[in-house]
Amino acid sequence: MAGLAGNRQAKRALPTNSRAWRALRETILLRDLYRCQEHGCGVLCAGKGQAHVDHVDGNANYIPQGMTSALSAMRPGTWANGSNAFATAGDTLPAEAGKTYCISAVVNSHRCRVLFYAEFLNGLGQIIGSVGTSNMEPAGLTSGPISTFPRGFGIAKAPSGTVSMAVRLRIQGMGQADPYFWIMRPMLSEVAEGATQPPTWSPGGNEASARWGVDVRADKKIAGIALAATGETSSFDVLADVFRVSSPSGGQRTEYSDGNWRTYYPNGQLATRMGYWP
């Protein structure tokens, strides 16, 4: 900590006697359990004058140049070799059996291993498979071009019965003190069957095209619906012999089949018909 004393004020964006600075300082100290995050330090900050936090807020020393944030965490103290901690990223995501998926992320870690993966789930929420990176060893990097940071990935086809995916993260201890990890540009994407490399990273919502659909099959007969969109057009498709919209109580309804659209009175009698019929 001593090396910071000479330039503490120069690094601060707020006056040290301001209410905003004191509130920010207390937040950071509680967040990090009073342990210094400066590279090579890790000292438990017990004294009032010792607990400097200038280098913590906005610290980009361990992520690629040009980036300002990353998913990261540090576990204070020595973590036993082989001990695991897990995290789940939000809600499950829809997935389709038979399609191929790729999960990837840029990872930097110090004194711990990182596994970024997704589990395939069936309709009961049971795990029936997974796709993920290899168990990534510590890179131990400091800031530099993103091309110098390892990008882990895994590619796999969703097994039969898949309806959704859950994205998860596993951090594994190595018997060393204060393990720390940073994850950048996480991405889960559908890829072509046979793909061997991850696609170029893209933030969600900027895809050139997207598609959603569901279908049912029986005795080689297929029925289903599909939504598709590009940056210019969108479509809604229905594959069925008859498309019908009706009330749960019966009576009036509308339906389409054989090239014509029909509407019916509440008593079931045909009211109108439009389109082509023989």
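These legends describe close-up views of a predicted model. Residues are numbered from 1 along each chain as its sequence is written, and side-chain values use heavy atoms, with hydrogens and water left out. In this predicted model, local features need pLDDT of at least 70 and side-chain atom pairs count only at pLDDT 80 or more, while totals for chains, interfaces and linings use all residues.

**View 1. Threonine 162 sits in a loop between two strands.** The loop runs between strand S7 (151–157) and strand S8 (164–173). Strands are DSSP runs (E, at least two residues), numbered from the N terminus. Threonine 162 counts as buried because its relative accessibility is 6% (buried means under 20% relative accessible area, with a 1.4 Å probe and protein chains only).

**View 2. Threonine 162 and its surroundings.** Leaving aside neighbours within four places in sequence, threonine 162 is in contact with Ala95, Glu96, Ala97, Phe120, Leu121 and Ile128 (contact means heavy atoms within 4.5 Å). Its side chain reaches the backbone oxygen of proline 159 at 2.7 Å. Glycine 125 is 37 residues apart from threonine 162 along the chain, and their C-alpha atoms are separated by 9.4 Å.

**View 3. An open sheet of four strands.** The order is S1-S9-S4-S7, with antiparallel pairing (two strands pair if DSSP finds at least two bridges between them). Strand S1 (71–74) and S7 are the edge strands, and each pairs on one side only.

**View 4. S1 meets S9.** S1 and strand S9 (residues 180–191) pair in the antiparallel sense over four bridges. Serine 72 has tryptophan 182 in S9 as its bridge partner.

Note on methods. Buried < 20%, exposed > 50% of the residue type's maximum accessible area, 1.4 Å probe, protein only. Polar contact = N/O pair within 3.5 Å; in protein donor to acceptor, adjacent residues only side chain to side chain.
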